[in-house]
Amino acid sequence: MKRFMLAAVAAAACVGLAQAQVTEEDLARDAETVGDVLTNGLGRGQQRYSPLQTLNKTNIKKLVPAWAFSLGGEKQRGQESQPLVYDGVMYVTGSYSRIFAIDIATGKELWQYDARLPEGILPCCDVVNRGAAIYGDNVYFGTLDARLIALNRKTGRVVWNKKLAEYKEGYSYTAAPLIVKGLVITGNSGGEFGVVGEVQARDANTGELVWSRPTIEGHKGTFQGKESSTTGTLNATWPGDAWKTGGGATWLGGSYDADTDTLVFGAGNPSPWNSHLRGAGTPLEGNKGDNLYAASRLGIDPANGEIKWYFQTTPREGWDFDGVNEVVPFVAADGSKRFATADRNGYFYILNRADGKFVSASPFVKNINWAKGIDKDGRPIFVEENRPGNPAAAADGAKGQQVFAVPSFLGGKNWMPMAYSRKTGLFYVPSNEWGMDIWNEPINFKKGAAFLGAGFTIKPLFDDYIGSLKAIDPNTGEIKWEYKNGAPLWAGVMTTAGGLVFTGNPEGELLALDDESGEVLWKFQTGSGIVGQPVTWEQDGEQYVSVISGWGGAVPLWGGEVAKKVNYLNQGGMIWTFRLPREVAAAN
């Protein structure tokens, strides 16, 4: 239901004189400016690094709550959003496709928009939303019925509302949009339903489609209303008609590398999970069975949607190791321009920014057993006996050989974003130490129905912890320190020039750690598990930190034995904002 808490005039009065429209230049500078948060990732490269150092290792213990805002008790579930801050207003999305505008001075609601979700939506992994985008006088967010909505940022009124895909076929949308040069760039969700991954670009003013790029080879893109090039080569790596339901959903928001003018999106798991049904169960001649471009990272031209390059992290994928995790540009110790990405398959990859070519890979979780390592070309060295077996080879044909694989399908790292510090040169990666019993089953495609062909049970590897925040040197792959957490880590990470690393845990704590040692310097109990993404900004000489708290997401739904270990955790839906008091900040 749509409702507006305050009229447009009242909303404008609460936030004072309006600033100019948000421009492309504003978005490009977001990683350097400190008075606002305009993009998901504190910059379109998603380094999640703030140059603010007012709040630091010495005074972090003086950080205190400023205000808290409830998203409502009837629609709690998982809260995975990252707030945006501009012109005195915070914009934050909530579960069930809602968005709120909040006065950052008082925590008072200015307006709220609730999407009208139809019956029969098919979200895979909770009713989450990971954030919004802002440009001009609009704020943009996606919905669980696969729509993209532009709202006037001052009033919350609908400017346009466009359909991305058909929700009845299993499509949805949960990511924060990415805006580049007046285009709103989106991916799609629904990889468990035999959908086809796609990246779309729409005119930010009108919502009209400019280009689309499917991520599975054989499908044709579009450009300015006309059919454009085919993705890859039909049947080069897919057998028969399997490409038609090939998966590869692009269910995170992608990043943008301004130096090379490249969008970088990850493509998720191929469908179905049963790799034997996609010709990927046994090694084939050439790259048959690799199932491009699923489980891959794609470099895309933002002007027309053409693919510049690709790197496939898990060819012949058979464990649900999505390739969607964020790709973050950085400058290596030797001055070379690189990308870093921590994959669900348990390896931390470094790629060349110019062409996406493989540079190095190192394991960042323990006991990986689906591969012996990564070869010089970036291809996994498979352990074939740890691939789930082919049901067709079983005596009853009902269930293939079960294996115990590490990591689990929820990944060494899942969607939760890592952070890079330009101060330390380290990446701070939220990871989990778990494995799974997994087996394949026969499956036939039915539109709008789950298309897995597999069963699984997730199990923790160690008795004393599952979650592990790791500080990784991208130049060597060395893990400098590790913070262990009892429950799985499912929240985003942020780091600052003040020497702090912020994240949250399912136990409800917002944590600030020392960026050099991993020591916990400060924590605050929010009352529900944190699976959101922290941000920071400065206003009137005071530094603020905000995070959304509300337990949910994939772990309690898909976590097997792990879900049972954390079933005591309470749901919630609160935005907590903290500040460093002015007298403490002035003493810096």
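Trainee: Over how many bridges do strands β39 and β40 pair?
Mentor: Six bridges, with β39 (residues 542–549) and β40 (residues 574–579) paired in the antiparallel sense. Strands here are DSSP runs of E, at least two residues long, numbered from the N terminus, and two strands pair if DSSP finds at least two bridges between them. This is a predicted model, where local features need pLDDT of at least 70 and side-chain atom pairs count only at pLDDT 80 or more, while totals for chains, interfaces and linings use all residues. Residues are numbered from 1 along each chain as its sequence is written, and side-chain values use heavy atoms, with hydrogens and water left out.

Trainee: And which residue in β40 is the bridge partner of Tyr-544?
Mentor: That's Arg-579.

Trainee: What's the strand order in that open sheet of four?
Mentor: β2-β40-β39-β38, with antiparallel pairing. The edge strands, each pairing on one side only, are β2 (64–70) and β38 (535–539). From one strand to the next, the twist averages 25°; the axes behind such angles are lines fitted to C-alpha atoms, for helices over the stretch in contact, and angles run from 0 to 180 degrees between N-to-C directions.

Trainee: Let's zoom out. How many helices and strands are in the protein chain?
Mentor: Five helices and 40 strands. A helix here is a DSSP run of H or I with at least four residues. The chain's radius of gyration is 22 Å, close to the 25 Å from the globule rule for 588 residues, so it is as compact as a globular protein of that length. That radius is taken over C-alpha atoms, and the rule is 2.2 Å times the number of residues to the power 0.38.

Trainee: How much of the chain is buried?
Mentor: 64% of the 588 residues. Buried means under 20% relative accessible area, exposed means over 50%, and partly exposed is in between (1.4 Å probe, protein chains only).

Trainee: Which residues touch the most other members of the largest nonpolar core?
Mentor: Phe-348, Phe-427 and Trp-490, out of 69 residues in that core. Strand β23 (residues 347–352) gives the most to this core, with five residues. A nonpolar core is a set of buried Ala, Val, Leu, Ile, Met, Phe, Trp, Tyr and Cys residues joined through side-chain atoms within 4.5 Å. There's also a second, separate core of 35 residues, with Leu-55, Phe-69, Phe-578 and Ala-585 among them.

Trainee: What is Phe-348 in contact with, leaving aside neighbours within four places in sequence?
Mentor: Its contacts (heavy atoms within 4.5 Å) include Ala-340, Phe-364, Met-418, Phe-427 and Ile-472.

Trainee: Which strand does β32 form a hairpin with?
Mentor: β33, with six residues between the two strands. In the turn, Gly-477 has a positive phi of about 80°. β32 and β33 (residues 479–485) pair in the antiparallel sense over six bridges, and Ser-468 stands opposite Lys-484. Strand β29 (residues 427–432) is also joined to β32 by six bridges, running antiparallel, and Pro-430 stands opposite Leu-469.
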